[in-house]
Amino acid sequence: MSLPSFAFSTQRLGPEFAFEAYRELYSGGADVARIGSDFRAQVQAYRLDRMILFKRHLNGVQHSRSPQRVRQDGFDHVTLHLLLAGELVAGPPGQERRVRPGEILVCDNTLPHLSRAHDVHQISTPVARELIEPLAPDVRHFHGAILPERVGGLVADFIVSLTRRSESLDPTVASRSSAVLGMLLAAALRGQAAPAEAVVWAAAHDASDDVVRRRAAEVHVEQHLGDRDLGADTIAASLGISRSLLYRAFLRDGGVARFVQQRRLERVRDALRRQGETRSIATLAYAYGFTSEQHFNRAFRTTFGRPPGQFRASMQQMRTQTGVRGDQTWPLAEWHSELY
């Protein structure tokens with residue numbers, strides 16, 4: 001029994017259809033644009049347990065995830081881009097940098113991202129967050145980080161080997177591979193400051209002391225999201241710092257209260273996306289610290305562009321339908337939904 005897979009190639013399509021077909025292929029996860037006139041793309045994809053492997057050859061193409069798309073699609077997984085050859089310039093918008101062959105770009109899909117590819121051969125690997133975050137809780141701070149071989153070499157070796165063997169991999173072995181990749185990445189990141197040559201967007205404008213305070217505050221928030229009295233006073237008291245220092249660490253988020261609300265909304269969204277979650281929307285809202293269902297509904301719609309009930313229904317529909325493009329079926333929406 002082989003792994004679920006599909007292949008896409010612009011060589012099989014006429015030039016007038018090739019780019020539109022590729023844009024439709026990725027329409028569920030990124031906005032795609034041409035760079036120059038010589039666009040080419042080949043994709044071989046494999047679905048594993050809580051992980052996807054994309055072996056890609058690309059030329060003359062840009063992928064982007066704008067803040068608006070990030071809010072609306074609700075992706076919450078981590079993607080690793082291992083560059084094997086070619087010129088890849090990528091990172092948070094406005095802070096793109098060149099990735100060198102053998103390096104791994106880390107992308108947190110809750111944050112905006114932009115990449116431009118010229119004669120690129122790469123392996124892209126979306127991985128469920130829950131396979132990484134328990135061992136590396138600060139993975140979000142590595143969004144846009146470029147891991148050199150001395151940090152990510154074992155991860156790169158595993159990704160290459162897994163891709164090379166994907167055609168003949170035993171499904172039982174494959175089902176455990178995503179957890180192995182999560183552990184390898186966590187081992188590379190845990191206790192490791194971002195490499196000097198990496199861009200770490202989530203903390204790019206913070207002073208070093210503020211970074212420490214912010215990370216400690218984030219840990220406290222995550223552990224107490226269900227507490228109704230969670231706020232600046234309780235957080236500052238738990239960390240033993242003043243309210244003014246705490247506020248300074250969260251200036252770019254619009255303040256502590258706004259950050260806490262955003263994390264609560266994201267956690268409810270995660271629950272609504274999760275397979276097997278049967279609790280009502282009201283129950284989930286109260287479980288994550290909201291004191292009013294009406295306030296929660298308004299905040300959810302403002303943040304993610306649609307009501308929570310509609311979001312839950314769309315996720316359920318996504319699991320039962322695949323996108324049809326002409327006479328070819330592309331299961332990417334379904335595959336992405338299975339990361340959660």
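Visitor: Which residue takes a positive phi in the hairpin of S3 and S4?

Guide: Arginine 50 does, with a phi near 65 degrees, and the hairpin has two residues between its strands. Strands here are DSSP runs of E with at least two residues, helices are DSSP runs of H or I with at least four residues, and both are numbered from the N terminus. One caution: this is a predicted model, so local features need pLDDT of at least 70, side-chain atom pairs count only at pLDDT 80 or more, and totals for chains, interfaces and linings use all residues. Residues are numbered from 1 along each chain as its sequence is written, and side-chain values use heavy atoms, with hydrogens and water left out.

Visitor: Thanks. How many bridges are there between S3 and S4?

Guide: Nine, and the pairing of S3 (residues 40-48) with S4 is antiparallel. Two strands count as paired if DSSP finds at least two bridges between them. Glutamine 42, for instance, stands opposite histidine 57 in S4.

Visitor: What about S4 and S9, how many bridges join them?

Guide: Six, again in the antiparallel sense, with S9 covering residues 113-127. There, lysine 55 stands opposite isoleucine 123.

Visitor: Is S4 mostly covered or mostly open?

Guide: Mostly covered: S4 spans residues 51-59, and seven of its nine residues are buried. Buried means under 20% relative accessible area, exposed means over 50%, and partly exposed is in between, using a 1.4 Å probe and protein chains only.

Visitor: Let's zoom out. How many helices and strands does the protein chain have?

Guide: Twelve helices and twelve strands. The chain has 340 residues, and 52% of them are buried. Among contacts with a separation of 6 or more, 73% come from residues 24 or more positions apart; contact means heavy atoms within 4.5 Å.

Visitor: And which residues touch the most other members in the largest nonpolar core?

Guide: Leu48, Leu80, Leu147 and Leu181, in a core of 33 residues. The elements giving two or more residues to this core are S3, S4, S6 (78-91), S8 (104-108), S9, H3 (149-164) and H4. A nonpolar core is a set of buried Ala, Val, Leu, Ile, Met, Phe, Trp, Tyr and Cys residues joined through side-chain atoms within 4.5 Å. There is also a second, separate core of 28 residues, which includes Ala232, Ala249, Phe259 and Met315.

Visitor: Back to leucine 80: what is it in contact with?

Guide: Setting aside neighbours within four places in sequence, its contacts include Ile104, Val106, Ile123, Val155, Leu181 and Leu185. In soluble globular proteins, nonpolar side chains tend to be buried together.

Visitor: Where is valine 256 found?

Guide: Valine 256 is in helix H8. At 2% relative accessibility, valine 256 counts as buried. Apart from neighbours within four places in sequence, valine 256 is in contact with Ala232, Ile235, Leu246, Tyr247 and Phe250. Glycine 231 is 25 residues away from valine 256 in sequence, with 7.2 Å from C-alpha to C-alpha.

Visitor: Charges next. How many salt bridges turn up in the whole structure?

Guide: The search finds 19. A salt bridge here is a side-chain nitrogen of Lys or Arg within 4 Å of a carboxyl oxygen of Asp or Glu.

Visitor: Which residue does glutamate 266 form a salt bridge with?

Guide: Arginine 263, with the closest N and O atoms 2.0 Å apart. Both lie in H8 (residues 256-273), three residues apart, about one turn of the helix. Glutamate 266 is buried, at a relative accessible area of 8%, and arginine 263 is buried too, at 15%.

Visitor: What does aspartate 270 pair with?

Guide: Aspartate 270 forms a salt bridge with arginine 267, at 3.4 Å between the closest N and O atoms. Aspartate 270 also meets arginine 273 in a salt bridge, at 3.1 Å from N to O. Aspartate 270 has a relative accessible area of 9% and is buried; arginine 273 is buried as well, at 1%.

Visitor: Which residues are linked in the network of salt bridges?

Guide: Asp76, Asp108, Arg129, Glu133, Glu222, Arg263, Glu266, Arg267, Asp270 and Arg273.
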